[in-house]
Amino acid sequence: MKSDGKVLLVGGGAIGMLSALLLGLSGARVCVLDKEDTGRESSWAGGGIVSPLYPWRYSAAVTALAHWSQDFYPDFGQRLLDETGVDPEVHVTGLYWLDLDDEVEALAWAQREGRPLFSVDVAEAYQQVPVLGGGFKRAIHMPGVANVRNPRLVKALRAALLAMPNVELREHCPVTGFIQEKGRICGVTTVDGEIRAERVVLAAGAWSGELLRTLGLALPVEPVKGQMILYKCAEDFLPSMVLAKGRYAIPRRDGHILIGSTLEYAGFDKTPTDKALESLKASAEELLPALKDAEVVGHWAGLRPGSPEGIPFIGEVPSHPGLWLNCGHFRNGLVLAPASCQLLVDLMLKHEPIIDPAPYTPARLLD
């Protein structure tokens, strides 16, 4: 890619903005397009755990991206704070899984992958997390797991991009299709007219499949709704993340506690529902009974970009040169973002890729 060749990033979530940041640092001219404000879709709505919820249940493709990204976040968070004054709050708390059905598989995975995940006496979990609900019988613990305060992460990314002279942000500029000439993708059509570029990167999350349909391409990326609730407690109320029966509690530094999340196939509807609210509150009170007396200060929904096995699509579309994908991260967009974006940039710049790109090639499932 020529250093002066313009790159369009379609989608201004964490994936799109971090891709733009890395491309901008390489010297490329970059323009990020978003249909609304940048960072306001699933990147804003998620919990921000810097680990898949059950990492041992994923394929080696997801594991490779997750491991690289987990090691990247602490320094990256500090760098964003230093450069922008916005703290993404990478908060290392560790994570306890309680009463897992597949605990044996989890521990075998950890030993095989060399990850710090250990079986602990449940009494230790209660000692470390005194507010934990009663009745849990088994626990495993990963001490180094962090969470990132994702709304602040995307604010920091936006601020970093705005400070770069070779990067442009165009918000409230929905993309309606692609410009194709002489067998190549050379730009996009928007509500404001055509925008041309040497390359186009589609990082539009749950909307990526819809946009590719305008080219007659079928990509198995679909919206999957997730709802969460938020409590405000004392800063030291919950010292560690906890997860049981598919629901988790995430402490922020200032005492906010996130409880999530639902998994709903409801198209592009992201309306919060009373049914989900009651289900999430019941899970919250089972995990942390003291929350029964706490006020729910937030309840929202977002749309994850669902994909087969949660494996993202990263790379150029073979049938449409000039069109690149970085989408389909399902439940792990924030977890996988650093590695996914670095891999994309490595491929675009023809650098040695950080990991084998084969499992993520768009050719594998694109009709």
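Visitor: What makes up the lining of the largest pocket, by class: how many nonpolar, polar and charged residues?

Guide: This is a predicted model, by the way. The lining has 23 nonpolar, 20 polar and 7 charged residues. Gly counts as polar here, so any Gly in a lining goes into the polar class.

Visitor: Which residues are closest to the centre of that pocket?

Guide: Of the 50 lining residues, those are Glu41, Ser42, Ser43, Leu303 and Pro305. The pocket's volume is about 840 Å³, and β17 gives the most to its lining, with 4 residues.

Visitor: Why are β5 and β17 called edge strands?

Guide: Well, 8 strands form an open sheet in the order β5-β6-β4-β14-β15-β16-β13-β17. β5 (118-120) and β17 (296-306) each pair on one side only, so they are the edge strands.

Visitor: What makes strands β4 and β6 a pair?

Guide: Pairing takes at least two bridges between two strands. There are 4 bridges joining β4 (residues 95-98) to β6 (residues 139-142), so they count as a pair, and they run antiparallel. Trp97, for one, has Ile140 in β6 as its bridge partner.

Visitor: Which strands does helix α4 touch?

Guide: Helix α4 (residues 103-113) packs on the sheet and touches β5 and β6. Contact means heavy atoms within 4.5 Å, so α4 has heavy atoms that close to both strands. Its direction makes about 25 degrees with that of β6.

Visitor: Where does the domain in the record lie?

Guide: UniProt, in an unreviewed entry, lists residues 7-347 as "domain: FAD dependent oxidoreductase". Over that stretch the chain is 31% helix and 28% strand.

Notes:
Residues numbered from 1 in each chain as written. Predicted model: local features only at pLDDT ≥ 70, side-chain atom pairs only at ≥ 80, totals over all residues. Heavy atoms only, no water. UniProt positions renumbered as here; feature names shortened; annotations may be inferred. Helix = DSSP H or I, 4+ residues; strand = E, 2+ residues; numbered from the N terminus. Axes fitted to C-alpha atoms, helices over the stretch in contact; angles between N-to-C directions. 1 Å grid on protein atoms, 1.4 Å probe; cavity = no way out; pocket = protein on both sides within 12 Å on 5 of 7 lines; lining within 4 Å. Points joined across faces, edges and corners; volume = space filled by probe spheres on them.
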